[in-house]
Amino acid sequence: MPDPCLSAAEIDAAGLADWRASDGALHTSFATGDFANGLRLVDAIGEAAERADHHPDLDLRYAHLDIRLYSHDSNGVTHRDISLARQISELAAGLGATVRRR
């Protein structure tokens, strides 16, 4: 049975400063400084995603990484997305990546 989707209020209450909810998913973009650091972040996210058995959409460019979290089996944002978003933010901070506001 899929996890229940969270309401907009529940997502806001999670306090994910690096993330925004849009189109039924969580989105962020991290400035990585260069491609090599972006690859390190992708690798770290990949390991966390495998442990969680929950996989984000990643779009790596030269100096930034765009990330989308969405629970396909629930058709929206769930607690799994919130948890992985927190882990990703910690990993990004540990590699010196900063939120890229558009």
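Q: Why is Asp59 called partly exposed?
A: In this predicted model, Asp59 has a relative accessible area of 29%. Buried would need a value under 20%, and exposed one over 50%. The 29% of Asp59 lies in between, so Asp59 is partly exposed.

Q: What makes the contact of Asp59 and Arg61 a salt bridge?
A: The side chains of Asp59 and Arg61 meet at 2.9 Å, N to O. The limit for a nitrogen of Arg and a carboxyl oxygen of Asp is 4 Å. The 2.9 Å is within 4 Å, so the pair counts as a salt bridge. Arg61 has a relative accessible area of 45%, which makes Arg61 partly exposed as well.

Q: Why are S3 and S4 said to pair?
A: Strand S3 covers residues 57-60 and strand S4 covers residues 64-69. Pairing takes at least two bridges, and S3 and S4 have four, in the antiparallel sense. The two strands therefore pair. One of the residues involved is Asp57, whose bridge partner in S4 is Arg68. Three residues stand between S3 and S4, and the two strands form a hairpin.

Q: What makes Tyr62 exposed?
A: Tyr62 lies in the loop between S3 and S4. Its relative accessible area is 57%. Exposed means over 50%, so Tyr62 at 57% is exposed. Tyr62 also belongs to a nonpolar patch on the surface, together with Phe35 and Leu39. The accessible area of these residues together is about 330 Å².

Q: How do you know that Arg68 sits over the ring of Tyr70?
A: The charged end of Arg68 is 4.8 Å from the centre of the ring of Tyr70. The distance limit is 6 Å, and the charge must also be within 35 degrees of the ring normal. The 4.8 Å is within the distance limit, and Arg68 is listed as sitting over the ring.

Q: Why do Arg100 and Asp66 count as a salt bridge?
A: Their side chains meet at 3.6 Å, N to O. That is within the 4 Å limit, so the pair is a salt bridge. The pair links distant parts of the chain: Arg100 is in the segment after strand S5 (98-99), Asp66 is in strand S4, and they are 34 residues apart.

Q: Are Arg100 and Asp66 buried or partly exposed, and why?
A: Arg100 has 29% relative accessibility and counts as partly exposed. Asp66 has a relative accessible area of 15%. Buried means under 20%, so Asp66 is buried.

Q: What makes Arg80 and Asp3 a salt bridge?
A: The side chains of Arg80 and Asp3 meet at 2.9 Å, N to O. This pair links Arg80 in helix H3 (residues 79-94) with Asp3 in the segment before helix H1 (8-13), 77 residues apart. The limit is 4 Å, so the 2.9 Å pair qualifies. Arg80, at 25% relative accessibility, counts as partly exposed, and so does Asp3, at 32%. Salt bridges link Asp3, Asp73 and Arg80 in a network. The whole structure holds five salt bridges.

Q: Why does Asn37 count as buried?
A: Asn37 lies in helix H2 (residues 35-52). Its relative accessibility is 10%. The cut-off for buried is under 20%, so Asn37 counts as buried. Asn37 and Ala63 are 26 residues apart in sequence and 8.3 Å apart in space, C-alpha to C-alpha.

Conventions: Residues are numbered from 1 along each chain as its sequence is written. This is a predicted model: local features need pLDDT of at least 70, side-chain atom pairs count only at pLDDT 80 or more; totals for chains, interfaces and linings use all residues. Side-chain values use heavy atoms; hydrogens and water are left out. Patches are made of residues with over 30% relative accessible area and no salt bridge: like charges are joined within 9 Å, nonpolar side chains (Val, Leu, Ile, Met, Phe, Trp, Tyr) within 5 Å. Accessible areas come from the Shrake-Rupley method with a 1.4 Å probe; for residues, only the protein chains shown count as cover. Buried means under 20% relative accessible area, exposed over 50%, partly exposed in between (1.4 Å probe, protein chains only).
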